[in-house]
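Work through the exercises below with the sequence and the model at hand, and try each task before reading its solution.

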Amino acid sequence: MNTENGKIDSKFENRIEKNKNRVVRAIFGRAILLFSSLILQMLMLLAFMSILANYFFVYYWITIVVVVFFTVHIMNTDQNPAYKLSWIVPIALVPVFGVFFYAFLHIQFGTRQIGKRLQTLIEETKPY
């Protein structure tokens, strides 16, 4: 094997490795998780409608309770009213997807820590 084939093989291996990383990120990314929760909601609705038609009212009332709980929770937060409304609408229209989406985005401890650290840095550098 000469040096040119070795370079070509290593470039090809690097390209394959990069593509593998992209595929892994695509599979476990946020978009796929959100899309799968939307599909999960549709499947749950179909299952309740076809298999558990007699008990569909239980699912209905549970989702109403969850929507009311999250609506009250969002309304009691200290945020911009437009921001609050933009969360209440998806939670009310598609409860399972909306609740999972809200929880997924707001229960991120790393994001909170970064936000607190950023706020601390802003306060420290304000005099300059």
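This is a predicted model: local features need pLDDT of at least 70, side-chain atom pairs count only at pLDDT 80 or more; totals for chains, interfaces and linings use all residues.

Residues are numbered from 1 along each chain as its sequence is written, and side-chain values use heavy atoms, with hydrogens and water left out.

**Exercise 1.** Classify the ring pair of Tyr83 and Trp87.

Solution. Rings of Phe, Tyr and Trp (its six-membered ring) pair if their centres lie within 6.5 Å, and planes under 30 degrees apart count as stacked, over 60 as edge-to-face and the rest as tilted. By this rule the count comes to seven aromatic pairs. For Tyr83 and Trp87 the centres are 6.5 Å apart and the planes stand at 80°, so the pair is edge-to-face.

**Exercise 2.** Determine whether Trp87 is buried or exposed, and describe its pair with Tyr102.

Solution. Buried means under 20% relative accessible area, exposed over 50%, and partly exposed in between (1.4 Å probe, protein chains only). Trp87, at 8% relative accessibility, is therefore buried. With Tyr102, Trp87 forms an edge-to-face pair, 5.0 Å centre to centre with 80° between the planes. Because Trp87 lies in helix H4 and Tyr102 in helix H5 (residues 95-106), this pair ties together parts that are 15 residues apart in sequence. Tyr102 is buried at 5%.

Technical notes
Helices (H or I, at least four residues) and strands (E, at least two) are DSSP runs, numbered from the N terminus.
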